[in-house]
Amino acid sequence: MLRFCIAPSFGDNDCFLLRNSISPIAGNNVYNNTCVNPGLYGLEADSSSVTTANVFRNNIFYSSGSAKQINVPNIGTGNIFEYNDVFSAASTVATWGGVDYTCANIADAGTGNLCVDPTFADIGTNNYHIPASSLIKDAGTSAGMPTGRTTDINNALASAHGFPSYADNQTQFCYGWDIGVDEYFIVCHPRELCPCP
Ligand SMILES: [Ca+2]
Ligand SMILES: [Ca+2]
């Protein structure tokens, strides 16, 4: 299981690489990760890889330029790619199961997939929190959420290594889970109704 990981730009690597030419890569649950400007792809499997029953939900695959984000030519059986935000100016933003998808039809690759700018707080300082106006707010799903997943990213070490604080640990807010590591959350006065922005 992989959830609530941030993968900013690094080298010429993928954020997620599925590679095994002998036995299937099976049963991975990849939820609520934020992948930004990967050196290669956000998610890749080479054509000889056999993948079975892997689930990708609520993840951000983001390119600030025109880099294709998903390259999975052979999806095998039972793999799910839903409620992800795949954003890029590339003509083909994703290849999933041998089919090329554009920004305009990424929803055809799976229910709830989007191609919208998350409008991160500040990419320059690796701040991938989202504002109230973000189109990925409440655009995720709780379907199949891994057991124990009740709050968003909770990383107390990030701020000690030059990142903004990611010690959010905030519960689902408003109309559903947000896509990516950050659940947008506001703290309200205890005697007030907390409005959804
Ligand atoms: Ca929400
Ligand atoms: Ca949050």
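Cys174 counts as partly exposed because 17 C-beta neighbours lie inside 10 Å. Here, a residue is buried if 20 or more other C-beta atoms lie within 10 Å of its own, exposed if 12 or fewer, and partly exposed in between, with C-beta atoms placed from the backbone. The model is predicted: local features need pLDDT of at least 70, side-chain atom pairs count only at pLDDT 80 or more, and totals for chains, interfaces and linings use all residues. Residues are numbered from 1 along each chain as its sequence is written, while chains are lettered from A and ligands numbered from 1 in the order in which they are written.

Cys174 lies in the segment after β15. Strands (E, at least two residues) and helices (H or I, at least four) are DSSP runs, numbered from the N terminus. The backbone of Cys174 has a phi near 70°. This value is positive, in a residue other than glycine.

Asp138 also has a positive phi, near 65°, and is likewise not a glycine. Asp138 lies in the segment after β15. Asp138 counts as partly exposed, because 17 C-beta neighbours fall inside 10 Å. Contacts were then examined. Two residues are in contact if their C-beta atoms, placed from the backbone, lie within 7 Å. Leaving out residues up to four places away in sequence, Asp138 touches Cys174, Tyr175, Gly176 and Asp178. Asp138 and Phe173 are 35 residues apart in sequence. In space, their C-alpha atoms are 8.1 Å apart.

Thr141 lies in the segment after β15, a strand that spans 99-101. Thr141 has 16 other C-beta atoms within 10 Å, so Thr141 is partly exposed.

Ala67 sits in a loop. This loop runs between β10 (60-62) and β11 (70-72). Ala67 counts as partly exposed because 18 C-beta neighbours lie inside 10 Å. Apart from neighbours within four places in sequence, Ala67 is in contact with Ser88 and Ala90. Ala67 and Gly140 are 73 residues apart in sequence. Their C-alpha atoms are 23 Å apart in space.
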